[in-house]
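This report describes a structural model, with attention to its contacts, its sheet and its salt bridges. The sequence and structure are shown first.

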Amino acid sequence: MINPKYIELSKGGKNMNTEKGIWFPDEYQKHLKAQFCYADEDPLYGPRLFFENSGGSLRLRKAVEAKAAAEQFPDCPERNYARGLKLADYVSEGTKEILEVVFGAKSGALVSELSASQTMFKIVDTIMENVKWGTNAVTSCLEHPSAHDAVEYACMKTGREFREVPANQTTGGIDVDEVMKYVDKDTCLLSIMAASNISGNVMDIKEISRRAREINPEIYIVSDAVQHAPHAAIDVEDWDVDVSNIAPYKFFGVRGCGYAYVSDRVASMMHHKLTHKDANVWQLGTPSPGNFAAMLEVIDYVCTIGEHFIHSTDKRTLFEEGMHRIHMQERAILYRMLEGTDEVPGLRHIPGVEVYVDMEDLTWKDLIIAMGIKGIDYPDCVIEYMKRGVTVFERVRSSMYSKRIVETLGIPGAIRVSPLHCHGKDDVDKFLKVTKEIAESV
């Protein structure tokens with residue numbers, strides 16, 4: 001049922017106010033923030049503004065509690081008695097909802113590992129070993145190492161040419177036309193991330209997939225959605241991809257697990273599995289029920305946001321609406337961070353502050369800002385923020401996780417700033433005031 005207090009946000013449909021986003025009412029924003037652990041302070045180190053959610057998001061309290069509750073029991077989820085069956089339900093229901101609700105999949109299988117990086121290596125390697133045709137595979141220079149290096153490794157292993165698509169240094173993204181220059185009838189696999197973990201740019205995966213399949217209908221298409229998943233809904237059916245993955249620790253959930261969707265044609269490929277399991281089963285050993293219980297709480301949280309604005313009994317529909325509202329709130333945060341208010345200037349208007357790969361059209365951006373302050377090195381700048389109670393992170397060329405990406409973007413490095421949808425106007429203004437203070441002190 002729609003809460004009358006929030007009915008005003010339901011007017012206008014999904015395309016309303018796409019330029020500046022839509023703020024949650026202040027009361028509702030505070031209600032959401034209260035559902036996360038330590039959103040405004042660290043219990044040991046005191047108050048802080050946590051704007052480093054791209055490195056691992058604030059934890060949903062119910063997700064942490066669900067994992068802890070499940071982990072207290074010694075019972076095996078493969079035992080046919082009450083507690084074992086209950087634990088098994090977390091796994092079976094979690095598998096179903098991650099596939100159908102989070103990925104939007106109508107078929108296919110779920111791959112689970114200790115990390116999203118492991119799922120990517122496992123699946124890409126499996127595809128490249130099973131597919132006997134094709135002389136090359138394509139990815140982009142902007143990819144996270146787990147996706148980029150998985151393709152590079154599989155190419156070396158199978159003797160194929162490894163191709164890299166350069167980034168657009170103006171937008172910080174990967175252009176569709178540029179991708180097509182590297183794809184041909186002999187390309188067996190194409191891997192392009194859904195959104196950049198440094199620039200925040202969102203890629204047009206649907207169009208990339210459509211055009212790549214025009215060139216080669218048999219191509220396998222992979223999209224790393226780890227960074228994008230906390231910001232907007234994934235739709236593997238609409239994107240027409242064979243593989244996509246998420247990391248719950250970046251999606252309000254817990255560490256120690258990564259999940260990936262694989263299409264039917266990938267699911268049944270020869271892969272590591274127990275001999276007597278079905279051909280499309282990728283699970284080796286007994287999974288942790290607690291990890292699935294935690295992810296079910298994340299899904300319910302997003303659906304609850306959706307329930308404030310629409311009437312539906314379909315969980316995927318509610319999830320899509322919840323993620324849309326999250327995306328609109330985050331665009332409003334992004335716009336205020338860039339433009340500021342009459343009381344405090346935005347990042348675009350603070351002397352000495354540089355916003356890298358900035359673009360006016362925020363509809364192609366997730367809530368990530370790459371920035372710097374003239375006259376201060378990135379690690380030192382992060383320390384200055386920390387002194388003032390703000391947590392951000394530097395991405396620099398000396399880091400194996402960042403070197404290739406910042407170089408392809410044509411920047412020396414960046415301070416990565418990544419709030420969460422539960423942050424509000426006061427949080428943004430505090431960050432801007434701190435930034436202005438640091439810039440003036442240089």
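## Surroundings of Arg336

Apart from neighbours within four places in sequence, Arg336 is in contact (heavy atoms within 4.5 Å) with Trp23, Thr341, Gly346, Lys425, Val428, Asp429 and Leu432. Arg336 lies in helix α11, residues 315-339; helices (H or I, at least four residues) and strands (E, at least two) are DSSP runs, numbered from the N terminus. With a relative accessible area of 17%, Arg336 is buried; buried means under 20%, exposed over 50% and partly exposed in between, with a 1.4 Å probe and protein chains only.

## Basis of the model

This is a predicted model, in which local features need pLDDT of at least 70 and side-chain atom pairs count only at pLDDT 80 or more, while totals for chains, interfaces and linings use all residues. Residues are numbered from 1 along each chain as its sequence is written, and side-chain values use heavy atoms, with hydrogens and water left out.

## The seven-stranded sheet

An open sheet is formed by seven strands in the order β4-β10-β9-β8-β7-β5-β6, with mixed pairing; two strands pair if DSSP finds at least two bridges between them. Its edge strands, each pairing on one side only, are β4 (109-113) and β6 (161-165). From one strand to the next the twist averages 20°; axes are lines fitted to C-alpha atoms, for helices over the stretch in contact, and angles run from 0 to 180 degrees between N-to-C directions.

Strands β5 (residues 136-140) and β7 (residues 187-191) run parallel and are joined by four bridges, with Ala137 partnered by Leu189 of β7. Strands β8 and β9 also run parallel, joined by three bridges, and Asp224 has Asn245 of β9 as its bridge partner. By contrast, β9 and β10 run antiparallel, with four bridges between them; here Asn245 is partnered by Ala260 of β10.

In a regular strand, side chains alternate between the two faces of the sheet. Both faces of β9 are covered, with Val243 and Asn245 buried on one side and Ser244 and Ile246 buried on the other.

## Helices α4 and α5

Helix α4 lies across β4, β5, β7, β8 (220-224), β9 (243-246) and β10 (258-262), and runs at about 125° to β4. Helix α5 (residues 145-158) lies across β5, β6, β7 and β8, at about 155° to β6.

A salt bridge (a side-chain nitrogen of Lys or Arg within 4 Å of a carboxyl oxygen of Asp or Glu) joins Glu129 and Lys157 at 2.9 Å, N to O. Because Glu129 lies in α4 and Lys157 in α5, the pair ties together parts that are 28 residues apart in sequence. Glu129 is partly exposed at 38% relative accessibility, and Lys157 is partly exposed at 41%.

## Further salt bridges

The structure holds 35 salt bridges. One of them joins Asp240 and Arg213 at 3.0 Å, N to O. Asp240 lies in the loop between α8 (236-239) and β9, and Arg213 in helix α7 (residues 205-215), so the pair ties together parts that are 27 residues apart in sequence. Asp240 is partly exposed at 39% relative accessibility, whereas Arg213 is buried at 14%. A network of salt bridges links Arg213, Glu218, Asp240, Asp242 and Arg265.

Within helix α11, Arg325 and Glu321 are four residues apart, separated by about one helical turn. Their side chains meet in a salt bridge of 2.7 Å, N to O. Arg325 is buried at 5% relative accessibility, and Glu321 is buried with a relative accessible area of 5%.
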